[in-house]
2 protein chains.
Amino acid sequence: MQNFEYQTPTKIIFGQGVIEKLPGVLAQYGKKVLLTYGGGSIKKIGLYQKVLELLKDFEITELPGIQPNPKYNPSVLEGTRLCKEKGIEVILSVGGGSVLDCSKAIAGCACFDGEPWDLITGKAPTLKALPIVDILTLAATGSEYDCGGVISRTETNDKLCYASPLVFPQVSFLDPCYTFSVPKNQTAAGVADAINHILEQYFCEDSTLMNDGFCEAGIKSLMVNGKACIDNPEDYTARAEMMFVCTLACNDIMSLGNSRSGWPMHGIEHALSGYYDITHGEGLAILTPRWMQHILSERTLPRFVKYGVNVFGIDGRLPKMEIAQKAIDSTYAFFQSIGMPMHLREVGIGPERIDEMAHHVAVNEGLENAYVPLDEEDIKAILLASL
Amino acid sequence: MQNFEYQTPTKIIFGQGVIEKLPGVLAQYGKKVLLTYGGGSIKKIGLYQKVLELLKDFEITELPGIQPNPKYNPSVLEGTRLCKEKGIEVILSVGGGSVLDCSKAIAGCACFDGEPWDLITGKAPTLKALPIVDILTLAATGSEYDCGGVISRTETNDKLCYASPLVFPQVSFLDPCYTFSVPKNQTAAGVADAINHILEQYFCEDSTLMNDGFCEAGIKSLMVNGKACIDNPEDYTARAEMMFVCTLACNDIMSLGNSRSGWPMHGIEHALSGYYDITHGEGLAILTPRWMQHILSERTLPRFVKYGVNVFGIDGRLPKMEIAQKAIDSTYAFFQSIGMPMHLREVGIGPERIDEMAHHVAVNEGLENAYVPLDEEDIKAILLASL
């Protein structure tokens with residue numbers, strides 16, 4: 001086991017109807033609230049109205065229109081300006097991971113007097129941040145229980161992770177009912193995203209028995225409950241379990257003490273959605289089986305065998321390479337079964353910029369230190385196989 | 001899934017050599033330190049000397065001699081007095097779960113002006129507490145990552161859980177090397193304690209796929225690594241994994257959203273160690289298979305089958321009742337294999353006070369609301385079967 005430090009101070013308030021506790025929670029931080037949200041789905045499900053009704057004694061400033069793969073310009077810059085102008089005391093993020101990621105960047109930039117991009121890149125340290133409370137409406141990224149957010153800067157094709165212990169949400173409200181209306185394709189992309197978060201931790205150099213079992217249980221749960229959510233969008237139990245597994249899937253608790261995973265699929269996918277603005281979970285579903293195929297070797301075989309036997313129930317008496325291949329095929333088949341696109345062409349990506357993307361990833365993502373080190377040629381091969 | 005609220009703000013600093021970070025961590029809370037510890041084993045392993053050397057710029061007041069099943073009188077009362085007299089700013093607990101449990105009670109009582117016992121019983125609310133930092137030397141109770149502590153009051157045979165979100169340790173230092181010298185019987189009692197913490201969560205009315213897998217992985221890891229620690233006390237990897245599973249085993253994260261477990265084995269065991277001051281883990285190991293046997297029924301059968309198949313690898317095609325019986329027998333056999341006493345007589349408990357203990361548990365532990373409700377007759381039957 002490797003040495004580690006771990007802390008997740010966020011309070012989770014989980015379950016049906018918990019939003020009634022919002023005013024009491026928010027009042028601890030102040031009355032001047034920046035309400036951040038996305039394209040308006042929270043209005044369709046009545047959540048926006050409910051929040052305003054609950055917060056009628058608060059002073060609300062709105063930042064609507066935060067997009068998937070949230071943008072530095074305009075969203076982060078505009079939110080930062082509003083916080084400074086209005087003396088905002090707390091950010092209330094209502095939406096999915098993109099709204100929350102953007103809110104984290106705003107929380108940091110609002111307390112910083114220099115060039116905001118320097119904070120996002122880590123050139124300047126985050127020394128202070130506004131408190132964040134969130135109401136989650138999409139089970140996927142786990143941003144509600146971690147201290148990072150991914151921000152895109154369109155003009156440079158950059159997609160960077162902004163992280164600081166100061167931007168852990170103070171309180172995350174998780175009511176599975178608010179995910180009932182998430183469309184099938186977005187539900188599926190959330191499943192793919194969260195499964196990948198776990199796979200990125202599971203495929204590593206060394207791990208503990210408990211971490212492996214925790215990861216395997218998380219993946220199996222996401223497969224079973226994710227499918228149930230797609231088949232019956234108002235299945236409370238399935239939505240609830242999917243929501244909570246997603247919450248735990250991205251804050252390291254499943255892999256504390258593991259060594260050298262390196263998050264290679266996310267590293268490569270950040271280029272895809274950075275260059276083409278595709279849905280993150282779709283990019284991951286396409287890349288994952290190709291990455292697996294690329295790294296399968298005698299060295300990685302035991303990990304694939306464990307994955308195949310414990311997650312898919314493949315017969316452990318089969319030849320090891322056959323188990324591994326079945327595990328990869330089963331991964332592909334699962335993503336396909338929930339309606340994920342399985343080729344880059346299906347999401348509008350051709351071969352044209354693959355060289356450029358492979359170079360960008362090789363330079364920026366540190367994948368030479370991943371579980372299986374990947375150089376520019378490896379990345380290119382994985383992208384070509386994904387076409 | 002049930003609604004829940006969850007928050008564990010404690011920072012874990014895990015691994016070999018992490019103690020070097022102690023002065024920097026402690027200085028955040030103050031210079032006036034109450035150093036709490038037990039019977040002196042920390043002197044034998046050189047940890048006491050190391051701590052004093054690292055903290056030479058701090059003002060240290062010592063509270064030594066905290067016993068297993070830590071006592072309200074004298075330890076909690078004496079610690080409280082010292083904190084008030086010396087203006088203590090932070091408590092540094094160096095030892096196992098008993099020292100830390102006692103330190104939590106002191107942290108609360110030190111900031112309370114009424115009768116301390118009223119705080120322990122919950123008659124008065126905990127509104128403030130001193131910060132606690134701990135260095136753990138025994139993997140067992142999980143007190144390093146929860147907000148409760150068990151305190152015994154000898155004159156009344158009371159063994160109560162004192163809990164408040166304000167007594168979560170601020171920082172827990174977990175260096176597996178400090179557990180190398182833990183004797184085999186204490187290591188085994190720690191394994192039994194932690195396995196029981198997980199079983200208490202696993203045997204419940206409803207649970208999630210992920211919680212079940214998380215629990216099963218934890219139990220399996222404790223069985224494998226616990227045995228390895230007993231066979232080779234300086235096996236770093238085994239000590240490390242055992243330590244970290246124990247840390248996660250008692251803070252609810254393995255069972256969030258599960259319904260109605262009720263912690264019946266702990267409820268009964270608190271009477272045993274309250275009346276006879278036996279080792280908590282030994283009491284649990286004795287009770288567990290008898291409790292399982294007592295609650296086995298058509299209703300509980302599916303849970304036993306899942307436990308048997310997933311934890312012990314019992315063939316799932318066998319008749320269900322046979323799987324369940326094998327699971328109970330395997331539980332017994334495991335505890336026996338690590339050298340646990342398996343009869344109350346072996347730890348000095350005869351039939352004399354069983355009626356009295358059964359009554360005490362029935363009145364005080366709320367087991368009428370457990371997974372399988374237990375009344376005084378049930379509790380008596382379990383205790384008699386444990387003789």
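User: What makes two strands count as paired, and which strand is joined to β1(A)?

Analyst: Two strands pair if DSSP finds at least two bridges between them, strands being DSSP runs of E of at least two residues and helices runs of H or I of at least four, numbered from the N terminus. Seven bridges join β1(A) to β1 (residues 4–14) of chain B, so the two antiparallel strands are paired; within this pairing, A:E5 stands opposite B:I13. The model is predicted, so that local features need pLDDT of at least 70 and side-chain atom pairs pLDDT 80 or more, whereas totals for chains, interfaces and linings use all residues. Residues are numbered from 1 along each chain as its sequence is written, and chains are lettered from A in the order in which they are written.

User: How do you know which residues of chain A are in contact with chain B, and how many are there?

Analyst: Contact requires C-beta atoms, placed from the backbone, to lie within 7 Å, and 33 residues of chain A are in contact with 33 residues of chain B. On the chain A side, α8(A) gives the largest share, ten residues.

User: Why is α11(A) called mostly covered?

Analyst: A residue is buried if 20 or more other C-beta atoms, placed from the backbone, lie within 10 Å of its own; 14 of the 16 residues of α11(A) are buried, and therefore the helix is mostly covered.

Note on methods. Two residues are in contact if their C-beta atoms, placed from the backbone, lie within 7 Å. A residue is buried if 20 or more other C-beta atoms lie within 10 Å of its own, exposed if 12 or fewer, and partly exposed in between; C-beta atoms are placed from the backbone.
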